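Try each task yourself before you read the solution.

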Amino acid sequence: MGIRLDSLRNIVVIGAGYGGLRGALRLEKLLGSHPGYRITLIDQNRHQQLITQLHEVAGGRTPAGVVAVPLDGLLGPRQIDFHQARITGLDPELKKVSTDRGEIVYDQLVIALGSETNFYNIHGLREHSFTLKSLGDACLIQGHLHEMLA
């Protein structure tokens, strides 16, 4: 069973992309400094990726570090607890999130994990194309472009 850190009602947001981060910030604003709530944000990365700028990294126009904004800077002194961890399971009956660093009990859960690319069952598309949804994807494309132009 997960360990409850204290008697506060814990709102857990999993995923710190645009939706998850915006949701956590909005919850913090709505709840203000209400003493009965805690907001916990969980993501596998310590940074948010500026998805709309990934093509700049892929094309070599922008360094990778520019599109990876540290979450510490975005969260600052806010009343949001950040945990860097990979989600390994959810148990809605026991109201707990399992991560590679332990379990977190919640009262309310917001799931904002993003999406996966749909290849629409087009034969060969997955194997012969690149996706552009992460900083890793952008760096992979950039490396491929350099290799092809060399």
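**Surface and overall build**

The chain exposes about 9700 Å², and carbon and sulfur atoms supply 54% of that area. Keep in mind that this is a predicted model.

**Exercise 1.** Find how many helices and strands the chain has, and the order in which they run.

*Solution.* Start by counting: there are four helices and nine strands.

**Exercise 2.** Describe the box that the C-alpha atoms fill, and state what share of the residues is buried.

*Solution.* Along the principal axes, the box comes to roughly 60 × 35 × 25 Å. Now turn to burial: 31% of the 150 residues count as buried. Finally, look at contacts between residues at least 6 apart in sequence: 64% of these join residues at least 24 apart.

**Exercise 3.** Decide whether Leu113 is buried or exposed, and explain why.

*Solution.* First locate Leu113: look in the loop between strand E9 (108–111) and helix H4 (135–149). Then apply the cut-off, since exposed means over 50% relative accessible area. Leu113 has 55% relative accessibility, so this residue counts as exposed.

**Exercise 4.** Work out how far apart the mean positions of the positive and negative charges are.

*Solution.* Begin with the charges themselves: the chain has 15 positive and 15 negative ones. Then compare their mean positions, which lie 7 Å apart.

Note on methods. Residues numbered from 1 in each chain as written. Predicted model: local features only at pLDDT ≥ 70, side-chain atom pairs only at ≥ 80, totals over all residues. Heavy atoms only, no water. Helix = DSSP H or I, 4+ residues; strand = E, 2+ residues; numbered from the N terminus. Buried < 20%, exposed > 50% of the residue type's maximum accessible area, 1.4 Å probe, protein only. Contact = heavy atoms within 4.5 Å. Areas by Shrake-Rupley, 256 points an atom, 1.4 Å probe, with all protein chains shown as cover. Lys, Arg positive; Asp, Glu negative; His and termini not counted. Charge placed at Lys NZ, Arg CZ, Asp CG, Glu CD.
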